[in-house]
Amino acid sequence: MTDVFTLLTLPRTSEAFSALPAQAVAVAPPSSRDTTRSASPPRKIARRNAASDAASASSSRLGGAADSAADRRGPIILKVVGHPIAPVAASANEADYALVRRTIRALLDLKEQGTLPATYDCVSRACWVAVSEAGRGEGLYDAVKMDLEHYVGNIERALVNEEQRGVEWLVPFTEACAWFERQVGLLESLLVYLDTLYVAERPPLLSLRQLAYSMFRNSVIMSAQVTQAIIVGITNWLEWERTNGAQHPLCGSLPILSNTLTASGKLSARDFLRQVHERSVEEAERARAVLPTGSAAGMQVQDTGESALLTGRLQWLATDALEVLMGERKAEPLQRMYGLFKKVGGLKVLSAAFKLYVQKTVKGIVTDKEHDDEMVTKLLEFKAFVDKVVAQCFVDETPPPVPSQPVASSSKAPATAAPAPTPNRDFQYDLQDAFRAGFKARRNTPAEMLAKHMDRALRRGQKGRGDAAFAAELDAVLALYRFTNDMDVFRAFYQRALAKRLLLGRSASDDFECVVLKKLKEQYDPEFGTSDNMFTDLALSRDLMQEFLKYRRRRGTDDSTVQKLTVMVLQWSNWPFFARKTDVDLPRWMQDDLGSYTEYYKKKHQGRKLDWDHALGTATLKTRFKGGKKELSVSLYQAVVLLLFNTDETISYADIKAQTRLGALACGKKRVLKKEPAGKEVNATDVFRFNADFMDARFQVHINSIQAKETSSIEADRKHALDAAIVRVMKGKKELHYEQLKTATIEAVRKHFVPEVGMIKQRIQGLVEQEYLRRDEEDMNRYIYVA
């Protein structure tokens, strides 16, 4: 443990006390009390203001002369009262280190079967001092390694020079292994501080137990002479028992031998598969060298060897080795593994392990809430990898088809077609089932993330890639869409994103929009067909706007502001938006332009009602800042607010309507308004002023609106869909048991989503309360339709 001298000794490189100014202290005259007696501990006295204490003020005045002569920058001297404590000599640490070295030799030397040089506590403390205080952990670890190498070599030489042979040789071998195991356990206990304080902080280093067993395995177990002696001993034991028909007198040593070999030479599943492949290749070469050419016995020898090695270990190999090989993402080891499992009839075991691995990986990606933005990218990468594995590694060779017509004889024989590799269908089906099961680990979110990924891709466009590459990327995302049961969630988010891209002109290519929409409608969900009407509305709106401008020019009306106006006439039934509840008052000149368009539209289409929705509108404002001119791309609400600052530099929140999306202008990343007081929240008492110091590197600055979280009506739509499905089923069947009604309801809506059983129960109960259904009086689980 640390001594008092070490605790009280300051580091020589420190200037902590000399760097501080010295305080003026009045020195008292020497006391007449006996200094040989122990001094009482110092007491802390609170300092008081000199103005409030006359005595203190007087003392300060008396000490003024002394203060002027004293060096205010002088060091503060600490004086330790009592007998001086001598520092710990370096020889003491060296003695502890030497004690640990002697202990290691006493434990590992076969010739020294005596006692240890000190008690367990002394050796353990000496190890702590050597590692912690003396800082000699590296030297001690190297010393342990050298001593282990030396004494393990002695064990190997002693076993090789053992006079006994055959079965009798196995006895000293098992005794040496058992002795080494006991000594390593004791060594690990005594040098526990070396493991915990030095080795644990350096991950590449092996622990003492791992180091000892690895050296014992490499020097003793893997020794050619020791291995040969083990084989001879086991062979003699088997021959003796088969000849005499009884157990060998030394058969009790064989279980100990088996446990020793298992603990010392256990291979990982991956290494075991590699060894099986190497041994199989060696057997095939021996068979070709010994057996006649073309003999089927060679294949039988190889198959027998592989079967003997793999039988009983398939589950272990499939569980442990497959995950490691998939993590390495190398095709050749997976191909070898598939071939070995196929030869011994273990493809079902391998397929089940493959399905479990894929499901576990997909579930981990889907449930990682902190990285939802990366979910689809990770799923695409993993899906591409496992597809490649199934297509290239888990394949069977299909013989070419035999021609139905006889081939005319010729001088040259036709070349034989090579067998075509065909992916194993079981693995393909398991792959799809695993993805579906992984997606079920989290409801709604995977479908939402897929729709948002499609939105980003269609906004971004090809970015220099060809049409084929971009189409392949979109097809890969749609392939993931097949695995989700929440198809209505994907449809809702995709249609909303599509509508925003079309209205704001953010789509990179209308052609790709139409192609993707066609695939969704024909291959996934027919309800996507209603989105075609969006393109029709936009085309009609563009034509109508051109006609309106021509109409204004014919009338000779001043159209300086109308030329900058773009109006889109949309049918509410074609667009995934809800009618607004409140709106904003536009400036007078904006209202005049919209009024003229309304007048023209009603003349052209009599009987139709035109309702303006400013929440979907956008505007481009030319703005002058101190740093130069900018063009701000904002929503129509934001534009109305900014135009107010043409006349007033400061406007209170009470004068601005809440539905103008003000927060993005003052609280977003690009703040063209300043809010007082500053903060993220907007309060009724806040005041806003124009930020003339606004800076941005771009000339055209896009300012996003702060969007409220989309509390989508998906759940409400699902309730309505379930109500309609239940009523439709009951109207046709008139009377059904609960289980039958539940199954029929799930079947009716499964193309859109898979409902939870609890939700179906709630909707049935709601329809009973609304008197669409009633329960049977004799059987409460039977429902009857009420006409």
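**Close-up views of a predicted model**

**View 1. Phenylalanine 435 and its neighbours.** Leave out residues up to four places away in sequence, and phenylalanine 435 touches Val358, Val362, Phe382, Lys383, Val386, Leu480 and Phe483. Keep in mind that this is a predicted model. Phe435 also turns up among the residues that touch the most other members of the largest nonpolar core, together with Phe354, Val358, Phe490 and Tyr494. That core holds 78 residues, and helix H21 (residues 487-504) supplies the largest share, ten of them. In soluble globular proteins, nonpolar side chains tend to be buried together.

View 2. H5 covers residues 120-133, 14 residues in total. From first C-alpha to last, H5 reaches 19 Å, close to the 20 Å expected at 1.5 Å a residue. Which residues of H5 are buried? They are Val123, Ser124, Ala126, Cys127, Val129, Ala130 and Val131. Just past the end of H5, glycine 135 has a positive phi of about 65 degrees.

**View 3. Isoleucine 656, a loop residue.** Look for isoleucine 656 in the loop that links strand S5 (650-652) to helix H26 (663-667). Is isoleucine 656 buried or exposed? Its relative accessibility is 6%, so isoleucine 656 counts as buried. Leucine 644 sits twelve residues away from isoleucine 656 in sequence, and their C-alpha atoms are 9.1 Å apart.

**View 4. The three-stranded sheet S9-S11-S10.** This sheet is open, its three strands are ordered S9-S11-S10, and the pairing is antiparallel. Strand S9 (735-737) and strand S10 (773-775) are the edge strands; each has a single partner, so one side of each lacks a neighbour in the sheet. From one strand to the next, the twist averages 30 degrees. Three bridges join S9 to strand S11 (residues 782-785) in the antiparallel sense, and glutamate 735 has isoleucine 784 of S11 as its bridge partner.

**View 5. Helices on that sheet.** Helix H28 (residues 738-749) packs on the sheet and touches S9 and S11, with its direction at about 100 degrees to that of S9. Helix H29 (residues 757-769) lies across S10 and S11, and runs at about 100 degrees to S10.

**View 6. Zooming back out.** The protein chain has 29 helices and eleven strands, and 36% of its 787 residues count as buried. Its accessible surface is about 49,000 Å², with 53% belonging to carbon and sulfur atoms.

Methods:
Residues are numbered from 1 along each chain as its sequence is written. This is a predicted model: local features need pLDDT of at least 70, side-chain atom pairs count only at pLDDT 80 or more; totals for chains, interfaces and linings use all residues. Side-chain values use heavy atoms; hydrogens and water are left out. Helices (H or I, at least four residues) and strands (E, at least two) are DSSP runs, numbered from the N terminus. Buried means under 20% relative accessible area, exposed over 50%, partly exposed in between (1.4 Å probe, protein chains only). Accessible areas come from the Shrake-Rupley method with a 1.4 Å probe; for residues, only the protein chains shown count as cover. The expected span of a helix is 1.5 Å times one less than its number of residues. A nonpolar core is a set of buried Ala, Val, Leu, Ile, Met, Phe, Trp, Tyr and Cys residues joined through side-chain atoms within 4.5 Å. Contact means heavy atoms within 4.5 Å. Two strands pair if DSSP finds at least two bridges between them. Axes are lines fitted to C-alpha atoms, for helices over the stretch in contact, and angles run from 0 to 180 degrees between N-to-C directions.
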